[in-house]
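Please read it with the coordinates open.

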Amino acid sequence: MFTFIIVFLITYALFSISGVLFPTDLPYYATLKKPSWNPPAKLFGIAWAILYALISASVAIVYTKTDGFQEAASSYVLILLVNYVANQAFTFFEFKLKNLRLAFLDSAIVAITTFLLLYATIPYSKLAAWLLLPYLLWSCFATLLAWTIYQLNKNTNRAY
C-alpha cells in the first residue's frame, strides 16, 4: 500500500507540473472566440484535478501489479511516457506559445495515446483501465473543443 501511495503522489505531481510551469492565461483565453458549448474556464481545473487522480491511481495499480513496471510491456511504458509528454505540452502550446493549431494537434495526440494507454492497461488490471475511461472521454472532448476554437480563431493572429 505504501508503494501505491508513493507512486500515486509522484504521478499526480508529474501530471500537475505543467499547470505550474505554464499557468492558464485566463485573460488571453477570455479573448478567444469559443463555441457556445465551451465549459466555464474554472471547470477545466476541477476536471483535470479529478482526471489526474484517476490517471495516478491507474498508473499506481499497474506499477504495483508489475513489480515496478519490471513485468510491464515496454509498449505500455512507452505509451504512458508519450501520453504524459503530450499532456504536458498542451498548456505550453495553448498558453505560452498561444498557438491554437499546435494545441489542437497535441490534444489529438493526447486522445489517441489515451486510447492506446487504456487498451495497454487491460492485461494488467481491468480496474486500472476503467479508471482511464474518463480521461479518454475528456481528451476526445478537449480535442473537439481545441479544433473548434482553432477554427473560430484561425483568421486572427491567435492561431498559427
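1. Basis. This is a predicted model: local features need pLDDT of at least 70, side-chain atom pairs count only at pLDDT 80 or more, and totals for chains, interfaces and linings use all residues. Residues are numbered from 1 along each chain as its sequence is written, and side-chain values use heavy atoms, with hydrogens and water left out.

2. Core. The largest nonpolar core has 38 residues. Such a core is a set of buried Ala, Val, Leu, Ile, Met, Phe, Trp, Tyr and Cys residues joined through side-chain atoms within 4.5 Å; buried means under 20% relative accessible area with a 1.4 Å probe, protein chains only. Tyr29, Ile55, Tyr76 and Tyr135 have the most contacts inside this core. Helix 3 gives the most to it, ten residues. Helices are DSSP runs (H or I, at least four residues), numbered from the N terminus.

3. Ile55. Beyond four places in sequence, Ile55 contacts (heavy atoms within 4.5 Å) Phe15, Leu132 and Tyr135.

4. Helix 7. This helix spans residues 133-153. Its end-to-end C-alpha distance is 30 Å, close to the 30 Å expected at 1.5 Å a residue (1.5 Å times one less than the number of residues). Its buried residues include Tyr135, Trp138 and Asn153. They pack against helices 1, 2, 3, 4 and 5.

5. Ser58. Leaving out residues up to four places away, Ser58 touches Thr121, Ala128, Leu131 and Leu132.

Definitions and conventions. Helices (H or I, at least four residues) and strands (E, at least two) are DSSP runs, numbered from the N terminus. Buried means under 20% relative accessible area, exposed over 50%, partly exposed in between (1.4 Å probe, protein chains only).
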